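Welcome! Please open the structure in your viewer and get ready to select a few residues at a time. We will go from stop to stop together.

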Amino acid sequence: MFRATDRLKVLLHHLDRPPAAVTASSCTSAQAVSAHYRVPLRYTLDNDHLSPEQRHFYEENGFLLIKNLVSAEDIDRFREEFERICRREVQVPGLVVMRDVTIAKSEFVPDQRAVSKLQDFQEDPELFRYCKLPQILKYVECFTGPNIMAMHTMLINKPPDAGKKTSRHPMHQDLHYFPFRPADRIVCAWTAMENVDRNNGCLVVQPGTHKETLKEHDYPEWEGGVNKMYHGIRDYRSHHPRLHLVMEKGDTVFFHPLLIHGSGMNKTQGFRKAISCHYASADCYYIDVTGTTQENIGNEIKELALQKYDLDIKFQESWALRACLVQGERTSL
Ligand SMILES: CCCCCCCCCC(=O)SCCNC(=O)CCNC(=O)[C@H](O)C(C)(C)COP(=O)(O)OP(=O)(O)OC[C@H]1O[C@@H](n2cnc3c(N)ncnc32)[C@H](O)[C@@H]1OP(=O)(O)O
Ligand SMILES: Nc1ncnc2c1ncn2[C@@H]1O[C@H](COP(=O)(O)OP(=O)(O)OP(=O)(O)O)[C@@H](O)[C@H]1O
Ligand SMILES: O=C(O)CCC(=O)C(=O)O
Ligand SMILES: [Fe+2]
Ligand SMILES: [Mg+2]
């Protein structure tokens, strides 16, 4: 039997190769692509950076994997900066250093073993260089348009699992965390800093789920505990197949904020590293999440801002404070 996951593997294999030559008769205008595939284009914008095949793939699947997009030299520099931060040789304003829940209450050690994630590194010029890489922005623009804000930055250092499966990230939609819209003008870039596969907890996606609505999220009921703010989709039973994204150092996946994804347990002794940025069109607008499924995370973030920084701010304001323009004009966000 030829399963849906097999079909996806074939599609991914095709994407690994350079895009098929685009001839004048198969030009990349929205009408041409749409006529070619007989589907309306909604998730990608009309420009000539993506091949018709790549555009179609994102429209259908909600993600696009580009091989070898970030150089090994750049990744090595990000890794060195990460190590300097772990050793506390550099202090970065606003940076959130997260420890795995299994060691949250143990004594601090100035080493990567104590860091499972850096968040909000926009004030670190070396790490923030990632968000401004021209080859990344070229793709981002296909989803956001020319005015681009870096909304959220992360360096994920997934630790070897301590035996409680807390290194997993439950299946979720990133839009749950975002009080801004429209969703189609938001995209995440996630770059593997080393080879990632099922052994060290690669990304797992459910292709096509970007066409669904935002689901209710909450803490999963995991026996071994769960990390702060790692909400997962509540009671989720999906008919969509799961696809493990095996990636090499420098490979980058762009994905839609409604795409259901997570990452598995790290069964190796290494710390699995990835760097990512969520971008949005500066033309997006903030929404009030009161009375919606996002109210729980909104309240949690407000409580954290109050406890940690003594800031009494709205959920939307917590995002407006962190957002940085990386291309074009800051029109709205
Ligand atoms: C803002 C959200 C952005 C979402 C982005 C878009 C989509 C991305 C999807 C995700 O990635 S979801 C997960 C997003 N991750 C986070 O937002 C990181 C959350 N973590 C933090 O903000 C900090 O690590 C935290 C506030 C939890 C702790 O930092 P601190 O510098 O305050 O640490 P500290 O050691 O002082 O610990 C304070 C308390 O937090 C507890 N703690 C620390 N790490 C924890 C952990 N990993 N899980 C649970 N609790 C934790 C710690 O035990 C302690 O508890 P007690 O108050 O009871 O003593
Ligand atoms: N019991 C579960 N409940 C909810 N989410 C789960 C459960 N098991 C796995 N997941 C989630 O599914 C995603 C991928 O899991 P995956 O199956 O790849 O990893 P794993 O279960 O850690 O390891 P394995 O490769 O052995 O299955 C992760 O987001 C993980 O958190
Ligand atoms: O495990 C990862 O690297 C990705 C986790 C994730 O999806 C997220 O932080 O939003
Ligand atoms: Fe995510
Ligand atoms: Mg599993």
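This is a predicted model: local features need pLDDT of at least 70, side-chain atom pairs count only at pLDDT 80 or more; totals for chains, interfaces and linings use all residues.

**Stop 1: strands side by side**

Start by selecting strand E8 (residues 203–206) together with E13: four bridges join these two strands, which run antiparallel. Strands, labelled E, are DSSP runs of at least two residues, while helices (H or I) need at least four, and both are numbered from the N terminus. Two strands count as a pair if DSSP finds at least two bridges between them. Click on Val205, and you will find His261 as its bridge partner in E13.

Residues are numbered from 1 along each chain as its sequence is written, and chains are lettered from A and ligands numbered from 1 in the order in which they are written.

**Stop 2: the whole protein**

Zoom out. The protein has eight helices and 16 strands. Of its 333 residues, 38% are buried. Buried means that 20 or more other C-beta atoms lie within 10 Å of the residue's own, exposed means 12 or fewer, and partly exposed is in between, with C-beta atoms placed from the backbone.

Next, colour domain 1 (1–61) and domain 2 (63–327) separately; these bounds come from an automatic or database domain assignment. Where do they touch? On the domain 1 side, helix H1 (4–16) and helix H3 (52–61) each give two or more residues, and H1 has the largest share, with six. In total, 19 residues of domain 1 are in contact with 17 residues of domain 2. Contact means that the C-beta atoms of two residues, placed from the backbone, lie within 7 Å.

**Stop 3: ligand 3 and Asp174**

Select ligand 3. Around it are Met154, Ile156, Lys158, His169, Asp174, Leu203, His261, Ser263 and Ala274; a residue is included if its C-beta atom, placed from the backbone, lies within 6 Å. Strand E4 (148–158) and E13 each give two or more residues to this shell, and E4 gives the most, with three. By class, the shell has four nonpolar, three polar and two charged residues. Here Ala, Val, Leu, Ile, Met, Phe, Trp, Tyr, Cys and Pro count as nonpolar, Asp, Glu, Lys and Arg as charged, and the others, Gly among them, as polar.

Now pick out Asp174, in the loop between E5 and strand E6 (180–181). Is Asp174 buried or exposed? It is buried, because 20 other C-beta atoms lie within 10 Å. Leaving aside residues up to four places away in sequence, Asp174 touches Cys188, Pro257 and His278.

**Stop 4**

Then select ligand 1. Of the 19 residues around it, Met98, Val101, Ala104, Tyr177 and Lys228 come nearest. H7 gives the most to this shell, with three residues.

**Stop 4: helix H6**

Select helix H6 (residues 134–144). Its buried residues are Ile136, Tyr139, Val140, Glu141, Cys142, Phe143 and Thr144. They pack against several strands, including E1 (63–66), E4 and E7 (186–192). Just after H6, Gly145 takes a positive phi of about 90 degrees.

**Stop 5: backbone details**

For the last stop, look at some loops. Pro182 sits in the loop between E6 and E7, and the peptide bond from Arg181 to Pro182 is cis, with omega near 0 degrees.

Asn68 is not a glycine, yet it has a positive phi of about 50 degrees. You will find Asn68 in the loop between E1 and helix H4 (72–86). Asn68 is exposed, because 12 other C-beta atoms lie within 10 Å.

Finish at Met229, in the loop between strand E9 (217–218) and strand E10 (232–233). The phi of Met229 is also positive, near 70 degrees. Met229 is partly exposed, with 13 other C-beta atoms within 10 Å.
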